[in-house]
Amino acid sequence: MKLQSKRPPGLAFVYVMLFAMTLINYLDRVALSVAAKPIAQEFSLNPIQMGYLFSSFLWTYLLCVIPAGILVDRYGAKRVCSGGMAVWSAATVLTGVVASFAPLLASRLVMGAGEATTYPSGNRFIREAVPEAKRGFATTIFNAGTYAGPAFGAILVGWLVTIVGWRTAFMIAGAIGFAWLVPWLLWFRNSPREDASPASAASAANATNATNATNAPAAGGVGLAGLLRSRSMWGVALTQGCAIYTQYLFLTWLPSYLQAAKGMDLKQAAIYTALPYGCAVVFGVLLGKFSDLILKPGEAEQGKRRVIIAVSLLCSSVILLAPLVDSIALIVAMLSVSLIGIATATSLNMALANDLLEHTADAGKANSLLLIGANVFGILAPIVTGYIVAATKSYNYAFGTAGVLLVAGAVIAQFMTSARIGSAPARAVERAQSLRGA
């Protein structure tokens, strides 16, 4: 009797797993921020040193994100995500056993290298498996874990630090990643392109070549050099950077700000850190769905999603008013509005990159370039904030810097992201057509 194979899970399962992947990614990132006070005390670290420590995982993240995108384009999401999760989860566990500052820093560097695989993998899958009209919603679901992670992680790690200490808290946080690997390896289905048999893949490739003869040199993508020649590629990368600066300001310094400037203890700071992130998860997903509903057929590939991105970033810049507010409730409300805007803008900006991208073969590399733009700013945010706090004994100028960048990101999104990314130059197309006619 022939056994029938079990039907692989559908897209809903994959969305859940991608959401959980980014949640764990950011849970492990926020753990250091929540445990910053006892760690700083144990290792005698000042605000400037903490700023560099907060930023350190992004150094290797930035170095590894393009290689990660290349690996994703070559080997697929399942393998690359699995390896990345194993690496960064192990690094998080090892953070809990370090005995001095040097290995603490090293563990964060290894964590950053592993986490570089997350977004190239997830966005490649969305590009291949999700129809254009649904990409805004799909990308916001995927990116929602970015905000669910700090919301859940702030409360979990804050509670664990007070109960069992910061070292055990890191070990438990790392173990969650290994638990995620079990269903991912057992049930995750690769994207349709990865699942295709060699024969069907070859047939599809031949069909593509036949129908795109006028653009044959670009049928396999334009590569990194071609992407870097695109004004829109630079536009989406800079837009992401302007938004991510504020995201990392909050991710790394928000618990410390609430304790130092608002007199909260660790548990209170964890709760008030979680609330804005929780709002960002819910409203970010809803606004992502809204962006799909209001776009008419054909408008997404024209880059029309950029209008919603610009408006979201302008709403986020409300953080400019934070230094003028003393009320805890009002501060939390402003942080929530800012994070909702950032969650919406960063998710839709990734969807915009996929909307504008000419060739799926460039998806991993294009998303890696977007991430480089984002994380150059992300690296600077904790360090610049550390220097500002050390020099002024205040967070006012830190919030002001973030607000100005959010306004700049809105302008860039509106005026630099209208052209296709990775399309063949007109002269090359005309030349190919003339050769074909000859």
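What volume does the second largest cavity have? The second largest cavity comes to about 40 Å³, and the views below start from there. This is a predicted model, in which local features need pLDDT of at least 70 and side-chain atom pairs count only at pLDDT 80 or more, while totals for chains, interfaces and linings use all residues. Residues are numbered from 1 along each chain as its sequence is written, and side-chain values use heavy atoms, with hydrogens and water left out.

**View 1. The second largest cavity and its lining.** Here a cavity is a set of points, on a 1 Å grid over the protein atoms alone, where a 1.4 Å probe fits but cannot get out, and lining residues have an atom within 4 Å of a point. Its volume is the space filled by probe spheres set on the points, which are joined across faces, edges and corners. Thr140, Asn143, Ala144, Tyr147, Ala280, Val281, Gly284, Val285, Ala343 and Ser347 make up the lining. Helices α7, α13 (266-294) and α15 each bring at least two of the lining residues; helices are DSSP runs (H or I, at least four residues), numbered from the N terminus. By type, the lining splits into six nonpolar, four polar and no charged residues. Nonpolar covers Ala, Val, Leu, Ile, Met, Phe, Trp, Tyr, Cys and Pro, charged covers Asp, Glu, Lys and Arg, and the others, Gly among them, are polar.

**View 2. The largest cavity.** This one has a volume of about 120 Å³, and the structure holds two cavities of 30 Å³ or more. Of its 16 lining residues, Tyr26, Tyr119, Ile244, Gln247 and Leu371 lie nearest the centre. Two or more lining residues come from each of α1 (11-34), α7 (135-164), α12 (231-262), α15 (328-356) and α16 (363-392). Helix α12 gives the largest share, four residues. Look for nine nonpolar, six polar and one charged residue around this cavity.

**View 3. Thr252 in helix α12.** Is Thr252 buried or exposed? Thr252 counts as buried because its relative accessibility is 3%, and buried means under 20% relative accessible area (1.4 Å probe, protein chains only). Its side chain reaches the backbone oxygen of Tyr248 at 2.5 Å. Leaving aside residues up to four places away in sequence, Thr252 touches Ser33, Phe54 and Pro382, where contact means heavy atoms within 4.5 Å.

**View 4. Around Phe250.** Not counting residues up to four places away in sequence, Phe250 touches Pro255, Tyr277, Ile319, Leu335, Ser338, Leu339, Ile342 and Phe399.

Methods: On a 1 Å grid over the protein atoms alone, a cavity is a set of points where a 1.4 Å probe fits but cannot get out, and a pocket is an open set with protein on both sides within 12 Å along at least five of seven lines; lining residues have an atom within 4 Å of a point. Buried means under 20% relative accessible area, exposed over 50%, partly exposed in between (1.4 Å probe, protein chains only). A polar contact is a pair of N or O atoms within 3.5 Å; within protein, one must be able to donate a hydrogen and the other to accept it, and residues adjacent in sequence count only if both atoms are side-chain atoms.
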